[in-house]
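Please look over the sequence and the structure that follow, and then read on for a guided walk through the packing of the chain.

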Amino acid sequence: LRSYLLHLRCGGGSVALSTSNQYNSACKFLLQTVLGQTLDSRQVPNAKARHKQQRPFLVSELVFFFSLITDIRDFAFFLTLYGCGLRTSELRRLRCPDISTDRVTGRHYLEVRCGKGGKGRRVDLPPACYDALRRYWRAYRPENPGNWMFPAKDPKDAVGPCFFTTRFNDIREHDTCFADLHQHSLRHTFSTNMMQHCPNGILRLKMLLGHASLASTEIYIGLAELYGEDNRKSPSEICGMLYDAYLERNGRPSR
């Protein structure tokens, strides 16, 4: 409450909208729940966030971005982030047993156990992402008691949120075309490429992304039209192309 009053005294606008809403909710809780006072919530509404139009990578930008990555750990992380359309937090906390292979079809799957809102889901793991993760594991040997795919220095926990953010920013600094892109843009790119490849697959995309509402998924219909470059390849096919290029750059034969 003291922080919120200080915020008001400073004239507002000195903190993010989410922080202001957090102060607002704390004050409501104090007045209604703790002090038992009657409060009309319509008189103290939360500030509405201004949603910025998302921009995905173009396929040409995606190829250029991955061409700048030399470390197999970074490559495997960002390729899987794109190829599965994951949130960064979901991939950071991936455990080795969460990767499975269907013995009949040979297809690989990834179990997301720490999705948004604590929800889990099962997504396809492209063959290129599977091979890249195996190559990373052989190179780094990150055995740890928690079975984390990407362990922290303390092997009991997964890598922290800042590690790959720093790695992404280091790669992004190579060219100004990446200035308005970030790690989450890889998830937007996956969704946009899925809609370009399969325009009628909105329900499947909703399931793969783990969205609670179809309205959250529908924005990618507009993105697929807005960034309607000549792309008919699926994210899995694009991952294969990116991985083959990585192997050739590093003096190894393609798969």
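**Helix α4 and its neighbours**

Phe78, Leu81, Tyr82, Gly83 and Cys84 in α4 are in contact with Leu186, Thr189, Phe190 and Asn193 in α8, where contact means heavy atoms within 4.5 Å, and where helices (H or I, at least four residues) and strands (E, at least two) are DSSP runs numbered from the N terminus. The residues of this contact of α4 with α8 comprise 6 nonpolar, 3 polar and no charged; Ala, Val, Leu, Ile, Met, Phe, Trp, Tyr, Cys and Pro count as nonpolar, Asp, Glu, Lys and Arg as charged, and the others, Gly among them, as polar. The model is a predicted one, in which local features need pLDDT of at least 70 and side-chain atom pairs count only at pLDDT 80 or more, while totals for chains, interfaces and linings use all residues. Residues are numbered from 1 along each chain as its sequence is written, and side-chain values use heavy atoms, with hydrogens and water left out.

Two packed helices are described by the angle between their axes and the distance between the axes. The axes are lines fitted to C-alpha atoms, for helices over the stretch in contact, and the angles run from 0 to 180 degrees between N-to-C directions. For α4 and α8 the angle is about 40 degrees and the axes are 7 Å apart, so α4 is oblique to α8; angles under 35 degrees count as roughly parallel, over 145 as roughly antiparallel, 65 to 115 as roughly perpendicular and the rest as oblique. The crossing of α4 and α8 is right-handed, a crossing being left-handed if the near helix is turned anticlockwise from the far one by less than a right angle, and right-handed if clockwise.

Helix α4 (residues 72–84) also packs with helix α6 (residues 127–140), at an angle of about 155 degrees and with the axes 9 Å apart. That angle makes α4 roughly antiparallel to α6, and α4 passes α6 in a left-handed crossing. From α4, the residues Ile72, Arg73, Ala76, Leu79, Thr80 and Gly83 take part, and they meet Ala128, Cys129, Ala132, Leu133, Arg135, Tyr136, Ala139 and Tyr140 in α6. By class, the residues of the contact of α4 with α6 divide into 10 nonpolar, 2 polar and 2 charged.

A further partner of α4 is helix α11 (residues 235–249), packed at an angle of about 165 degrees with the axes 10 Å apart. Here too α4 is roughly antiparallel to its partner, α11, although the crossing of α4 and α11 is right-handed. In this contact Ile72, Phe75, Leu79, Tyr82 and Gly83 of α4 meet Pro235, Ile238, Cys239, Leu242, Tyr243, Tyr246 and Arg249 of α11, and the residues of the contact divide into 10 nonpolar, 1 polar and 1 charged.

The cysteines deserve a separate look. How many disulfides does the structure hold? The structure holds 0 disulfides, a disulfide being a pair of cysteine sulfur atoms within 2.5 Å. Cys239 is in no disulfide, and the nearest cysteine sulfur, that of Cys129, is 3.8 Å away. Cys239 is buried at a relative accessible area of 0%, whereas Cys198, at 36% relative accessibility, counts as partly exposed; buried means under 20% relative accessible area, exposed over 50%, and partly exposed in between (1.4 Å probe, protein chains only).

Two individual residues show how other parts of the chain come together. Ser185 is found in helix α8 (residues 184–197) and is buried, with a relative accessible area of 1%; leaving aside its neighbours within four places in sequence, Ser185 is in contact with Arg55, Pro56 and Phe57. Tyr109, in strand β2 (residues 108–112), is buried as well, with a relative accessible area of 12%. Beyond its neighbours within four places in sequence, Tyr109 has contacts that include Asp98, Ile99, Arg122 and Val123, and its C-alpha atom is separated by 9.1 Å from that of Tyr130, 21 residues apart along the chain.

The loop between α6 and α7 (161–172) contains Arg141, which has a positive phi of about 50 degrees although it is not a glycine. Asn147 is found in the loop between α6 and α7, and its phi, near 60 degrees, is a positive value in a residue other than glycine. Asn147 is partly exposed, with a relative accessible area of 37%.
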